[in-house]
Amino acid sequence: MIVTAVEPAQKRRGRVEVYVDGIVAFDVARAVAVARRLRPGAAIDPAQIEAIVAADRRRAALEEAAAMLARRPRSERDVRRRLAERKFEAALVEETVARLLELKLLDDAEFARTWTESRDRRSPRGRRLIVQELRAAGVAAPMAVEAASAVSDEDAAYRVAGKKARALTSCDERAFRDKLGSHLQRRGFGWETARATVERCWRELEREDSAGDGFE
């Protein structure tokens, strides 16, 4: 068997079609073709073709995963799921994840820390809810709890309440307390934290006109 041509693949940038004995036998990334010295006149056999195609699949899976991680951090489970959705074989998915772990491109503990920091900065919520979200993303319970422990429920609850309280200034005390307390509990804060935060906000609201102090 002889390679008779190596031509750019139609509508597939960066890939080439390899002709063997005059017909298209397979296509691979241009870089793989160069590395494997695929050129007209080169001898090739079925075992070599199988090995080259497998190497191309490994490269494609790793590049796909690296691109995902470049866009934003992801958990191991998320990477596995997305690679499977892109039709990579189960064994190749596991091989790719192992390689990413070896390269330190995939780290569930770091993912959990980054997720927690982002949530606390952009959309504060209680530690309990953060743990639930991390667990849903595939992070092991100990890692999720450790990451969430960096959040102060009292501080986060006050930041959430400060925004909501301003929309409730026309409410009477009972409605203010009920609505703000329910809002905080939906954001993952425990009853005690919610109660203390509502009390703090109500007292500040009472003092606001006379003292000129607003919510932080």
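Reply: Happy to. Please keep in mind that this is a predicted model. The part you ask about is an open sheet of three strands, arranged in the order E1-E2-E3 with antiparallel pairing. Its edge strands are E1 and E3, each of which pairs on one side only. Direction ignored, neighbouring strands of the sheet are turned by 25° against each other on average.

As background, strands of a sheet pair through backbone hydrogen bonds, and the pairing can be parallel or antiparallel. You can find two of the pairings by eye: alanine 5 stands opposite tyrosine 19 of E2, and proline 8 has valine 16 of E2 as its bridge partner. Between E1 and E2 the hairpin has six residues, and there lysine 11 takes a positive phi near 60°.

Now move on to the other side of E2. Six bridges join E2 to E3, residues 23–29, and these strands also run antiparallel. Valine 16 turns up again here, standing opposite valine 28 in E3. The hairpin of E2 and E3 has two residues between the strands, and aspartate 21 takes a positive phi near 55° in it.

The secondary structure comes to 10 helices and three strands. The C-alpha trace spans about 90 × 35 × 20 Å along its principal axes. The chain has a radius of gyration of 28 Å, whereas a compact globule of 216 residues would have one near 17 Å.

Finally, two pairs of helices are worth a visit. Two packed helices are described by the angle between their axes and the distance between the axes. Take H5, residues 108–122, and H6, residues 127–136: they pack at an angle of about 135°, with their axes 11 Å apart. H5 and H6 are therefore oblique to each other. H5 passes H6 in a right-handed crossing. In this contact Phe111, Ala112, Trp115, Thr116 and Arg119 of H5 meet Ile130, Glu133 and Leu134 of H6. Sorted by class, the contact has five nonpolar, one polar and two charged residues.

Further along are H8, residues 153–166, and H9, residues 173–186, whose axes come within 10 Å and cross at roughly 135°. H8 and H9 are therefore oblique to each other, and their crossing is right-handed. On the H8 side the contact is made by Ala157, Val160, Ala161, Lys164 and Ala165, and on the H9 side by Phe176, Leu180, His183 and Leu184. The residues of this contact divide into seven nonpolar, one polar and one charged.

Conventions:
Residues numbered from 1 in each chain as written. Predicted model: local features only at pLDDT ≥ 70, side-chain atom pairs only at ≥ 80, totals over all residues. Heavy atoms only, no water. Axes fitted to C-alpha atoms, helices over the stretch in contact; angles between N-to-C directions. Helix = DSSP H or I, 4+ residues; strand = E, 2+ residues; numbered from the N terminus. Parallel < 35°, antiparallel > 145°, perpendicular 65-115°, else oblique. Left-handed = near helix turned anticlockwise from the far one by under 90°. Contact = heavy atoms within 4.5 Å. Nonpolar A, V, L, I, M, F, W, Y, C, P; charged D, E, K, R; others polar. Pairing = 2+ DSSP bridges. Rg over C-alpha atoms; globule rule 2.2 N^0.38 Å.
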